[in-house]
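Work through the following exercises with the sequence and the model open side by side. Try each task before reading its solution.

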Amino acid sequence: MFSKILIANRGEIALRIIRTCKVMGIPTVAVYSMADEDSLHVRFADEAVCIGPPAGRESYLNIPRIIAAAEITGADAIHPGYGFLAENAEFSEICRESGIKFIGPSPDMINRMGNKSLAKSTVREAEVPTVPGSDGVVKDLAHAQQVLETMDVPVIIKASAGGGGKGMRIVRDRADFEKQFRMAKAEAESAFNNGDLYIEKYIEKPRHVELQVLGDQHGTVVHLGERDCSIQRRHQKLIEESPSPAVSPELRQRMGDAAVSAAKSIRYEGAGTIEFLLDANNDFYFMEMNTRIQVEHPVTEAVTGVDLIREQIRAAAGEKLPENGFPLPEGHAIECRINAEDPAHDFRPSPGRIETWHQPSGLGVRVDSHAYQGYMIPPYYDSMIAKLIAYGATRDEAIDRMQQALEEFVIEGVATTIPFHKRVMRHTKFREGDFDTHFLETFE
Ligand code: ADP
């Protein structure tokens, strides 16, 4: 096992990783930017190293400074969390060259899955269903138009290097295609420094259903059930739950088998997520694989009782997955992302000082957060300040507990998404489990 782990991240996920390290008896090193001196992860870690100014590229994305921090403190492993360097193949490679274990996949696995069109062709060979569309990247506009002719509209143009819901364009009218293609290309070039595009059939009213997988270095891959992440705003997840109200045991079996095949096709190690779109006919299509821990991992933890960070660390240390697998999921869990954003004003960011902070608790309630009363939310990073997770024996019980927890949660000084979540929990369609990725477009 590792003798010391450096956490190359901030916020709630840094704290989350430190907690598990403490439980496992592994000393921790936090790194922080000058904007995060007062962040809880800095206080909770055994050691902390300031790695630079607030801007991400000067701190949490600055590979030489992070490696130097690991070398100075004698850390023999780095956990990247999510975002920042978590899916950066170069970082994984540099860790390897520096003799530090990257708690995540190899550079090759990240490259294979990080490029979305390459990922699709890789899993297609493993007989995993993928969204119909261009066979890999389209070379140019002429090639794209040729592909379009073989497809029905609507289609979606996507950036190969895309992420975070950015760089996607839906085309309903063929006459619009050229314009949308050019815009998508420009957007992808500026956002991802990579203008490669591919085309997919646009699935109407899909649900976003993703499978949690775990792999070890001995070739075993298992899945821990699904998460439904259909409640999204501009392709960004806001509420996630496990299990999905739309997935029957038979469908779970099929999706689970497909997810395991996809992960096995690259001999995947550690925690990963296979994302599918599920259509109204219960057909599902591989969309992408995330080669890291996800924001929404706690809903899987709640229904399985498995500490996913611990499993990531164990897998990275070369340990085997448990011989008899994991217990079957039980009950139901929901997560609401509490962002410092104002839902009354188009979710605009609301950084500032938290004047009052009272977080809920009680049976089946979990709060993962780095914030506290008096905490100043820096404007430089993402706006998530807490994850609220409610668990119950049934979906109804989980929603009731979530409603009560949202009532108890008091945050003053900044606007948050709490009022929005309260409305969703009361919504009849949400209660009935009857929703797709467009739920919020007709929410008002
Ligand atoms: P990102 O990596 O940017 O999050 P994804 O490929 O995971 O992008 O897609 C994000 C969301 O966009 C999905 O959850 C879904 O709501 C929507 N989406 C992506 N591809 C399609 C498609 N082919 N048809 C319909 N919706 C799609």
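The exercises below go from the domains to the ligand, and then to salt bridges and backbone details.

The model is predicted, so local features need pLDDT of at least 70 and side-chain atom pairs count only at pLDDT 80 or more, while totals for chains, interfaces and linings use all residues. Residues are numbered from 1 along each chain as its sequence is written, and side-chain values use heavy atoms, with hydrogens and water left out.

**Exercise 1. Domains**

Task: Find the domains into which the protein is divided, and state how far apart the centres of domain 1 and domain 3 lie.

Solution: Begin with the bounds, which come from an automatic or database domain assignment: domain 1 covers 5-103, domain 2 covers 132-201 and domain 3 covers 207-443. Then take the C-alpha centres of domain 1 and domain 3, which are 23 Å apart.

**Exercise 2. The interface of domain 1 and domain 3**

Task: Describe the contact between domain 1 and domain 3, by residues and by buried area.

Solution: First count the residues in contact, meaning heavy atoms within 4.5 Å: 32 residues of domain 1 touch 31 residues of domain 3. Next take the buried area, which is the accessible area (1.4 Å probe) that two parts lose on being put together, summed over both; here it is about 2,300 Å², with carbon and sulfur atoms giving 61%. On the side of domain 1, the residues that lose the most area to domain 3 are E12, R16 and Y82, together 26% of what that side buries.

**Exercise 3. Polar links and helices at this interface**

Task: Count the salt bridges and polar contacts between domain 1 and domain 3, and find which helix gives the most residues to the side of domain 1.

Solution: A salt bridge is a side-chain nitrogen of Lys or Arg within 4 Å of a carboxyl oxygen of Asp or Glu, and 4 of them are counted between domain 1 and domain 3. A polar contact is a pair of N or O atoms within 3.5 Å; within protein, one must be able to donate a hydrogen and the other to accept it, and residues adjacent in sequence count only if both atoms are side-chain atoms. Between these two domains, 13 residue pairs are in polar contact, both residues being at pLDDT 80 or more. Helices (H or I, at least four residues) and strands (E, at least two) are DSSP runs, numbered from the N terminus; α1 (11-24) and α2 (40-44) each supply at least two residues of the side of domain 1 that touches domain 3, and α1 gives the most, with 10 residues.

**Exercise 4. The ligand**

Task: List the closest residues around the ligand, and find atoms that lie 2.9 Å or 3.0 Å from it.

Solution: Using the rule that a heavy atom of the residue must lie within 4 Å, 21 residues surround the ligand, and the closest are K158, G165, H208, Q232 and E288. Turning to atom pairs, a polar side-chain atom of K116 lies 2.9 Å from an oxygen atom of the ligand, and a polar side-chain atom of E275 lies 3.0 Å from a ligand oxygen atom. A polar backbone atom of I203 is 2.9 Å from a nitrogen atom of the ligand.

**Exercise 5. A salt bridge and the backbone**
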